[in-house]
Amino acid sequence: MKLIIKITSIVLFSFLLSNGIYFLIEKGRQKYFYHTYGQFDELLSNKTNHDIIMLGSSRTHLHDNPRIIDSITGMDSYNAGIEGGSMMELNVVLNGYLEVHPAPKLLVLEVSMLSFNMDKNEVSNPTFYLNHLDNKAVYTTLNESWKNSFFFKWLPLFRLSQFDDINKSYALKGYKGEKEALHGGTYKGYAENTTDQMSDTVTSNGIGCQWVKYSEKGHKFLEKIFATCKAANVPVVTVYAPEYKQLNFHCPEGKRVIDNIDSLCKKNNIPFLNYLDNPICEDHTMFANIGHLNRAGADKFSLILANDIKHLLPLKK
Amino acid sequence: MLFNSIEFLIFFPIVTLLFYLLPHKFRWFHLLVASCIFYMFFIPVYILILFFTIIIDYFAGILIANAPPSRRKPYLIMSLVANIGVLAVFKYYNFFIGNFNMLAHGDMLPMLNIILPIGLSFHTFQAMSYTIEVYRGNQQPERHFGIYALYVMFYPQLVAGPIERPQNLLPQFHFKHEFKAEGFFDGLRLMLWGFFKKVVVADRIVLYADAIYGHPGDYSNWLNCTLATFFFTIQIYCDFSAYSDIAIGAARCMGFELMTNFKRPYFTFNINEYWSKWHISLSTWFKDYLYIPLGGSRVSKVRKYFNQGFVFLVSGFWHGANWTYILWGGMHGTFNIIYQIKKDFVKGWDPFNTVIGKIFSWILTFGCVFFAFIFFRAKSIHEAWQILTNIVTLKNAQPFKLIVGEGAGMFSVSSMIFSFALIAFMFITEYFFSTDMTTLKNKKFRDLAFCTLILTLIISFGVFQHNSFIYFQF
């Protein structure tokens with residue numbers, strides 16, 4: 001009996017302490033990642049409803065300026081760009097959003113070539129979803145890839161296993177008053193990219209091509225997203241944002257990825273706005289790096305995108 | 001099955017509970033089945049290799065014991081050939097063929113496309129230990145086939161030791177083990193400490209060593225190379241001693257006593273003492289079955305030095321089929337020979353017996369181990385030489401990189417600070433605790449607090465990416 005009491009005491013005290021450590025770390029991270037936590041809260045909890053959701057990777061997060069899109073379309077938009085977001089992750093966010101919000105009037109789905117690479121972690125920011133496991137759609141979708149989601153949901157201390165030292169150090173930074181590096185300002189999920197313009201000497205020499213991989217799984221998630229939107233009566237526009245000199249497109253698998261996106265869009269009667277041919281792609285002063293526009297480029301692109309959405313679809317106010 | 005896995009967390013309590021619930025006469029069968037399940041979590045079909053050597057050695061033991069002294073040797077040779085033959089095919093064939101083809105400047109002989117069976121080097125050595133001891137008359141043959149099979153396959157020490165002797169382990173399977181709460185908790189405490197060393201320390205610092213040794217061209221600064229080698233030196237100790245701790249602890253929970261495999265080897269003052277405290281089960285195996293049969297120390301000085309060098313070369317080769325391991329063994333052989341020469345010829349005044357001398361001895365010993373591990377870790381001699389020269393020449397062509405690796409493998413400044421803190425905590429604890437971690441067993445509340453702290457550290461700061469133990473590859 002003494003042995004059982006001893007072991008139970010050790011386990012209980014450890015669980016209590018670990019829970020405490022988890023909540024301390026989580027609180028510190030919320031202080032540091034004020035923008036990202038705020039963005040996930042907006043999307044996955046029952047907060048403000050939006051007419052237009054721009055969903056995608058960092059190429060949405062840093063490109064689609066809601067101020068410009070709202071002023072052109074007359075709608076209320078929200079930038080749901082997730083840094084490093086894979087197609088699987090976008091599927092989680094979409095399902096999670098629809099679980100607690102009415103269907104938006106339009107989903108602008110940005111498809112980045114790197115989002116189809118399923119060799120890397122399917123969820124690049126798993127720690128941000130742990131607070132939203134009470135969202136049924138988030139839990140169900142994540143559980144398909146993370147079988148341990150059950151433990152994460154009911155025993156918060158197990159979430160600690162997802163925080164590496166870098167993530168834990170962000171908690172310390174949060175308590176010290178530091179904030180996540182976001183370059184410039186933020187507005188409704190959008191973050192200004194104030195990195196200066198890139199050099200014009202960058203050529204098509206395969207930069208980043210190791211990340212461009214055609215993946216059946218990635219394209220299956222795109223089909224799932226289309227199916228979800230159809231079931232929820234959400235009109236969709238698929239967008240391929242500008243790249244500097246189409247460098248990713250020229251990677252060995254690049255054309256295959258784009259062609260498949262195009263054919264999936266045609267199959268589902270979804271407009272595909274491919275901006276790889278846009279003159280902005282030739283202007284290095286609009287880019288921070290080969291895959292991301294700088295602030296000036298984002299503003300210009302947001303204007304182009306807003307006008308294309310406005311004219312493409314009859315939006316009801 | 002990995003110790004640091006959910007499967008083991010389920011497997012261990014069930015096996016241990018059933019062990020105590022079952023009558024003694026069924027316990028061997030239960031443990032044998034459990035050990036088979038444990039082993040088959042890797043590549044199931046490889047259990048046939050185990051069965052092959054078990055059957056050969058079981059009958060060899062009986063035949064040796066039954067045969068007149070003058071006719072025993074063939075059965076011993078049969079057993080040794082079977083065990084070494086299995087090692088030769090699965091572990092060393094591609095090494096020899098690859099080198100032969102290289103010398104012949106072409107693919108003269110085909111390579112085999114096979115995966116090394118897990119724990120092969122360990123259980124074959126344990127099996128050979130049995131037949132040799134029976135041959136020497138130090139051990140009666142085990143006539144119960146199931147018990148003999150269990151001796152080879154006992155799951156806590158099946159894949160990475162300690163390499164047990166039949167005199168120690170076999171009798172324990174015949175003895176009825178009653179549940180003793182104190183011994184059970186001692187086993188759990190030791191396992192907990194092992195898990196701490198593995199998932200909190202070793203699996204954390206592995207990222208640094210892997211980043212530098214994986215891309216030596218990107219991290220040629222001497223400080224990066226030094227830190228990587230230092231972290232690897234700590235990692236391999238934590239990883240391997242953790243496995244031994246968990247194995248010994250798991251066995252102790254069922255009342256079995258396995259031999260101690262590590263006795264704080266990084267707190268030693270000469271290379272000879274280091275080897276008396278590092279991987280003790282292997283070093284004593286080589287001493288008893290190779291060094292002493294070669295003549296040991298009871299020969300001329302030159303022959304003694306040769307014996308030592310040869311044994312260390314073979315020990316290096318045991319670790320892996322690569323010239324880097326042979327070189328690692330050769331380096332340790334050289335260090336030991338130098339130490340032996342010093343012992344044999346420098347008598348009387350010993351400058352290392354002062355405080356400063358002891359500090360110097362410790363640094364020298366650790367330094368020898370540190371530099372030798374460069375060859376142990378590197379993928380090739382060329383890569384090892386590159387890293388060694390980077391360190392020794394204080395190469396500074398590339399700046400020191402504070403952050404190494406990328407993505408999930410990134411090792412940041414916070415990881416560095418935290419790792420050093422954990423390493424310091426680990427060594428301070430081991431300095432003050434006994435090797436079986438029972439120092440606090442009679443101090444109720446301190447014991448409770450210590451175990452709570454360790455379990456909290458494991459849950460809160462453990463790295464759970466299912467990294468296998470380094471010695472699994474041997």
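Mentor: Start with a network of salt bridges. It links Lys6(A), Glu182(B), Asp186(B), Arg189(B), Lys441(B) and Asp447(B). Keep in mind that this is a predicted model.

The side chains of Lys6(A) and Asp447(B) form a salt bridge, with N and O 3.3 Å apart. Across the interface of chain B and chain A, the rule finds 2 salt bridges. Three helices of chain B each give two or more residues to the side that touches chain A: H8 (181–214), H16 (413–432) and H17 (444–461). H17(B) gives the most, with 9 residues. That side of chain B divides into 14 nonpolar, 6 polar and 3 charged residues.

Now the interface as a whole. On chain B, 23 residues are in contact with 21 residues of chain A. The size of an interface is often given as the accessible area lost when the parts come together. Here chain B and chain A bury about 1,900 Å² between them. Carbon and sulfur atoms carry 70% of that area. There are also 5 residue pairs in polar contact between chain B and chain A, counting pairs with both residues at pLDDT 80 or more.

Next, salt bridges elsewhere. Over all chains, the structure holds 28 of them. One joins the side chains of Arg165(B) and Asp288(B), at 2.8 Å from N to O. Arg165(B) sits in the loop between helix H6 (145–153) and helix H7 (166–174) of chain B, while Asp288(B) sits in helix H11 (280–291) of chain B, so the pair ties together parts that are 123 residues apart in sequence. Arg165(B) and Asp288(B) are both buried.

The side chains of Asp262(A) and Lys266(A) meet at 2.9 Å, N to O. Both residues belong to helix H10 (254–267) of chain A. They are 4 residues apart, about one turn of the helix. Asp262(A) has 26% relative accessibility, so it counts as partly exposed. Lys266(A) counts as exposed because its relative accessibility is 58%.

Back in chain B, Lys176(B) forms a salt bridge with Glu178(B). Their closest N and O atoms are 3.7 Å apart. Lys176(B) is partly exposed, with a relative accessible area of 43%.

Two single residues round out the tour. Take His30(B), in helix H2 (24–40) of chain B. Its relative accessibility is 12%, so His30(B) counts as buried. Setting aside residues up to four places away in sequence, His30(B) touches Val15(B), Leu18(B), Phe19(B) and Leu22(B).

Then Ser124(A). This residue lies in the loop between strand S3 (106–110) and helix H6 (136–145) of chain A. At 31% relative accessibility, Ser124(A) counts as partly exposed. Beyond its neighbours within four places in sequence, Ser124(A) is in contact with Glu83(A), Gly84(A), Gly85(A) and Glu89(A). Ser124(A) and His250(A) are 126 residues apart in sequence. In space they are 25 Å apart, C-alpha to C-alpha.

Technical notes
Residues numbered from 1 in each chain as written. Chains lettered and ligands numbered in written order. Heavy atoms only, no water. Contact = heavy atoms within 4.5 Å. Buried area = accessible area lost by both parts, 1.4 Å probe. Salt bridge = Lys/Arg side-chain N within 4 Å of Asp/Glu carboxyl O. Polar contact = N/O pair within 3.5 Å; in protein donor to acceptor, adjacent residues only side chain to side chain. Nonpolar A, V, L, I, M, F, W, Y, C, P; charged D, E, K, R; others polar. Buried < 20%, exposed > 50% of the residue type's maximum accessible area, 1.4 Å probe, protein only.
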